[in-house]
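Colleague: Could you take me through reading a nonpolar core and a sheet from coordinates alone?

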Amino acid sequence: MNREKVLAAVVVVAILGVAFNYYTQHYQGGEIYEAANHAFGLLTKGFNVTITVETVEGETVTGTLLSVRGSTINIISGGKVLSVGGPSATKEDLRARLIKVDYRGKVYVYELPPRLGELNGIIDNITVDAYSERFSGIIYIEGEISPIQLGMLKYRADYLSYGSVTINQVSGNGAVISTNMVPVEFLREYLGDYRVYLYGTLIVNSDERNLPLKIIEVRTG
């Protein structure tokens, strides 16, 4: 096989590799229930899901899936939460003629053993090339922390992502919180400078296994 054929074969394999790791499902606006169910199923598994809406007015809007309530899809686009309904919707922000549901890779669920130290340092050691990383577990926070600061974290997790924070205890010496599917960048933003003790699971949406941690589960779409 000559050099040109070898190069062509490599290019084809590379293209197929990208195709196998990137998935798109199209739905007509009337299939809003199917689109919502499929997208929500991916979200609950830990995928970072992108929704593209072509509206009946001819507008195209792309955003990150936030939540699903019944047949209404909620996305974050341009920093705003927008609701998506079918072509005859009356209460939603967008009336969809066509909905595209995009996701990539697989979801790797890792066991995260107890870690002690500044949260920024801990996150630096578990941050990898991924579409999203979420943490579920317990975090003990050392030192005085404002209930308002914890409240801001809880709001971001509960209302601006598919996640949640439970504030178990707050005192002058620290706090204890429980997290469920909270993006690690949210934790860094509000708790990064604090000394913490944490443990739980790390949910990583990526193209490959890229953390030296015990795998609990691998999820596909």
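The conversation below turns to the core, then to the sheet.

Modeller: This is a predicted model, in which local features need pLDDT of at least 70 and side-chain atom pairs count only at pLDDT 80 or more, while totals for chains, interfaces and linings use all residues. Residues are numbered from 1 along each chain as its sequence is written, and side-chain values use heavy atoms, with hydrogens and water left out.

Colleague: How many residues does the largest nonpolar core have?

Modeller: A nonpolar core is a set of buried Ala, Val, Leu, Ile, Met, Phe, Trp, Tyr and Cys residues joined through side-chain atoms within 4.5 Å, where buried means under 20% relative accessible area with a 1.4 Å probe, protein chains only. Here the largest has 31 residues, and Ile141, Leu187 and Leu191 have the most contacts inside it. Helix H5 (184-191) is among the elements giving two or more residues, and its share, 5 residues, is the largest; helices (H or I, at least four residues) and strands (E, at least two) are DSSP runs, numbered from the N terminus.

Colleague: In what order do the strands of the open sheet lie?

Modeller: Strands of a sheet pair through backbone hydrogen bonds, either parallel or antiparallel. Two strands count as paired if DSSP finds at least two bridges between them. In this model 6 strands form an open sheet, ordered E9-E10-E8-E11-E7-E12, with antiparallel pairing. Strands E9 (164-171) and E12 (215-219) stand at the edges, each with a single partner strand, so one side of each is left without a neighbour in the sheet. Within the sheet, E8 and E10 pair over 8 bridges, and Tyr140 has Val176 in E10 as its bridge partner.

Key: Buried means under 20% relative accessible area, exposed over 50%, partly exposed in between (1.4 Å probe, protein chains only).
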